[in-house]
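Here is a short briefing on helix packing and sheet architecture. Please keep the structure open while reading.

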Amino acid sequence: MAVQAFGLLSFVSAAPVQKRQILPLSANDESVLQLAVFLENLEHTLYTGGYENFTDAEYTAAGFPPGFRENVGVIASHEAIHIGALSGILETYGVAPVPNCTYNFPYNSPTSFVDLANMITTVGIGAYIGGSTLLVDNPNLLEDAASILPMESRHDAYLRTGIGASPFPTAFDTPLTAVFAYNLASMFVVSCPMYLPIVLLPKLNLTSPMPPPNLQPPTPAGTILEFAWDPTTFFVPVDPSAPLYIAMINQISPPIYEQVTITGTGMGTVPVPANVSGVAFAVLTTFAGGLNETELTNFGTLAGPAEVVLS
């Protein structure tokens with residue numbers, strides 16, 4: 001369904017940002033804030049739909065606990081407050097925040113909404129972790145981002161508990177670069193009045209398997225993952241006979257590389273590597289190993305990332 005963002009509850013308003021010493025806004029600061037507003041707009045629209053499109057009775061019939069829909073509405077109100085606070089910071093410096101987009105979210109039931117919300121919120125969490133490294137020159141902004149990040153994690157833990165999954169499937173969350181986070185979020189965008197100056201990479205699709213019901217039991221190591229991509233969209237020429245690899249980004253460990261077994265043009269499989277759990281992010285590359293996430297972002301990715309929900 002394509003929806004446009006709208007106010008959920010009349011009491012929702014931007015939380016005032018406490019007055020502090022105004023520090024210069026660097027180009028990095030501005031890019032991190034704009035990406036954060038972009039992601040918060042996406043999440044606000046998603047959660048607003050989850051609140052407006054289903055009734056309490058429908059959530060209850062799907063097995064969710066009492067009050068779940070109301071809390072989805074509270075999460076939407078939090079996202080609206082985040083948008084107001086982050087936009088207010090940008091406007092203080094005379095920068096227009098990125099406006100809301102029109103989105104297409106592929107859900108048709110309370111359960112499929114929550115499954116999708118888990119995936120999208122995980123991307124937001126990764127973006128805040130990754131972006132924090134670029135805010136070290138501005139302690140005010142670092143504090144603001146640090147105050148939002150745990151709320152996003154609490155939202156996701158509540159969602160996961162609602163579907164019977166572990167609220168904390170891993171010891172660490174996975175940082176994401178701005179490029180990877182923007183690409184993962186942009187797959188739900190139909191149109192935008194303004195796009196961020198971030199490159200859109202060729203798409204990598206996970207075609208099988210679907211995440212297990214309730215994300216339990218966790219998808220075990222060795223499970224075959226099937227991916228699809230369009231080789232005509234690669235930014236660089238690739239020898240058709242050259243081996244390809246999936247780099248799996250998960251938690252704070254270096255990416256794990258698995259050689260792709262080609263099953264057709266633009267199709268291939270890899271096993272789930274050992275010690276990968278929770279939500280991982282896969283990219284297609286010609287490199288057999290040795291690149292970290294930043295290097296994969298800058299020059300090592302042919303297609304991706306694709307989000308891989310394992311538990």
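The notes below cover a helix pair, then a sheet and the helices on it.

This is a predicted model, where local features need pLDDT of at least 70, side-chain atom pairs count only at pLDDT 80 or more, and totals for chains, interfaces and linings use all residues. Residues are numbered from 1 along each chain as its sequence is written, and side-chain values use heavy atoms, without hydrogens and water.

**Helix pair H1 and H5**
- The axes of H1 (residues 27-52) and H5 (residues 139-162) come within 13 Å and cross at roughly 25 degrees. Axes are lines fitted to C-alpha atoms, for helices over the stretch in contact; angles run from 0 to 180 degrees between N-to-C directions.
- H1 is therefore roughly parallel to H5 (angles under 35 degrees count as such).
- Asp29, Leu33, Glu40, Glu43 and Tyr47 of H1 make the contact with Leu141, Ile148, Glu152 and Leu159 of H5 (contact means heavy atoms within 4.5 Å).

**Open sheet**
- Four strands form an open antiparallel sheet, ordered S7-S6-S10-S11. Strands are DSSP runs (E, at least two residues), as are helices (H or I, at least four), numbered from the N terminus.
- S7 (256-259) and S11 (303-309) are the edge strands, each pairing on one side only (strands pair if DSSP finds at least two bridges between them).
- Neighbouring strands are turned by 25 degrees against each other on average, direction ignored.
- Four bridges join S6 (residues 245-249) to S7. Met248 has Ile256 in S7 as its bridge partner.

**Helices on the sheet**
- H6 (residues 178-186) lies across S6, S10 (279-285) and S11, at about 70 degrees to S11.
- H7 (residues 293-300) packs on the sheet and touches S6, S7 and S10. The direction of H7 makes about 35 degrees with that of S10.

Notes: Angles under 35 degrees count as roughly parallel, over 145 as roughly antiparallel, 65 to 115 as roughly perpendicular and the rest as oblique.
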